Amino acid sequence: MTIHSRVRRALAAISIGLAVAAGGLASASTAQAYDTGHTTISCKAVKVRKDPSKKSTVVGIAYRHDKVAYNQFAYKRAEKTWYTRGTVTRKSDGKKIRGYMIYDCANPYESNPAPKPSIPK
């Protein structure tokens, strides 16, 4: 194999690698923007937990009309429960609490009960 053909192969491999990487970066940024949003707490009060589980440590409590910047939804199969992950900004003291809340209380539709996403398989 000549040096010229080795260089061509290396350049082809590099250009394919860059194209794949660029496509992955473009789709990742689009997905992140789609998953991020703002809503308010619709229940009287909801516990904000460290992990998406009813047995997880409570890091704070959010109250009705507190603002939520959410960025993820999680389904706990054992509990058959949806959770919203995000940062709550309390109206009463301005404190920010980051964690998981029950989906019915912090949903993008600002209603209670909320239409839930389909259950993952």
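A quick word on the ground rules: the model is predicted, so local features need pLDDT of at least 70 and side-chain atom pairs count only at pLDDT 80 or more, while totals for chains, interfaces and linings use all residues. Residues are numbered from 1 along each chain as its sequence is written, and side-chain values use heavy atoms, with hydrogens and water left out.

**The overall layout**

Let's start with the big picture. The chain has 1 helix and 6 strands, and along the sequence they follow the pattern α-β-β-β-β-β-β. Helices (H or I, at least four residues) and strands (E, at least two) are DSSP runs, numbered from the N terminus. Of the 121 residues, 27% count as buried. Here, buried means under 20% relative accessible area, exposed means over 50%, and partly exposed is in between (1.4 Å probe, protein chains only).

**One disulfide**

A disulfide is a covalent bond between the sulfur atoms of two cysteines. The rule used here asks for a pair of cysteine sulfur atoms within 2.5 Å, and the count comes to 1 disulfide. C43 and C105 form it, with their sulfur atoms 1.9 Å apart. This pair links distant parts of the chain: C43 sits in the loop between β1 (37-40) and β2 (45-49), C105 lies in the segment after β6 (96-102), and they are 62 residues apart. The torsion about the S-S bond of C43 and C105 is about -80°, so the disulfide is left-handed. C43 is buried, at 12% relative accessible area, and C105 is buried too, at 8%.

**One salt bridge**

Side chains of opposite charge can pair when their charged atoms come close. For a salt bridge, a side-chain nitrogen of Lys or Arg must be within 4 Å of a carboxyl oxygen of Asp or Glu. That gives 1 salt bridge: R90 pairs with D93, and the closest N and O atoms are 2.8 Å apart. You'll find R90 in the loop between β5 (81-89) and β6. R90 counts as buried because its relative accessibility is 14%, whereas D93, at 47%, counts as partly exposed.

**Aromatic pairs**

A pair of aromatic rings is described by the distance of the centres and the angle of the planes. Rings of Phe, Tyr and Trp (its six-membered ring) pair if their centres lie within 6.5 Å; planes under 30 degrees apart count as stacked, over 60 as edge-to-face and the rest as tilted. The whole structure has 3 such pairs, and two of them, including one with Y70, go in the table.

| Pair | Centre to centre | Angle between planes | Type |
|---|---|---|---|
| Y70 and F73 | 5.4 Å | 45° | tilted |
| Y75 and W82 | 5.1 Å | 55° | tilted |

Y70 is buried at 10% relative accessibility, while F73 is partly exposed at 29%. W82 is buried, with a relative accessible area of 10%. Y70 and F73 also belong to one aromatic cluster with Y103.

**A nonpolar patch**

V58, I61 and Y63 make a nonpolar surface patch of about 230 Å². Patches are made of residues with over 30% relative accessible area and no salt bridge: like charges are joined within 9 Å, and nonpolar side chains (Val, Leu, Ile, Met, Phe, Trp, Tyr) within 5 Å. Accessible areas come from the Shrake-Rupley method with a 1.4 Å probe, and for residues only the protein chains shown count as cover. V58 is in strand β3 (residues 58-63) and counts as partly exposed, at 38% relative accessibility.
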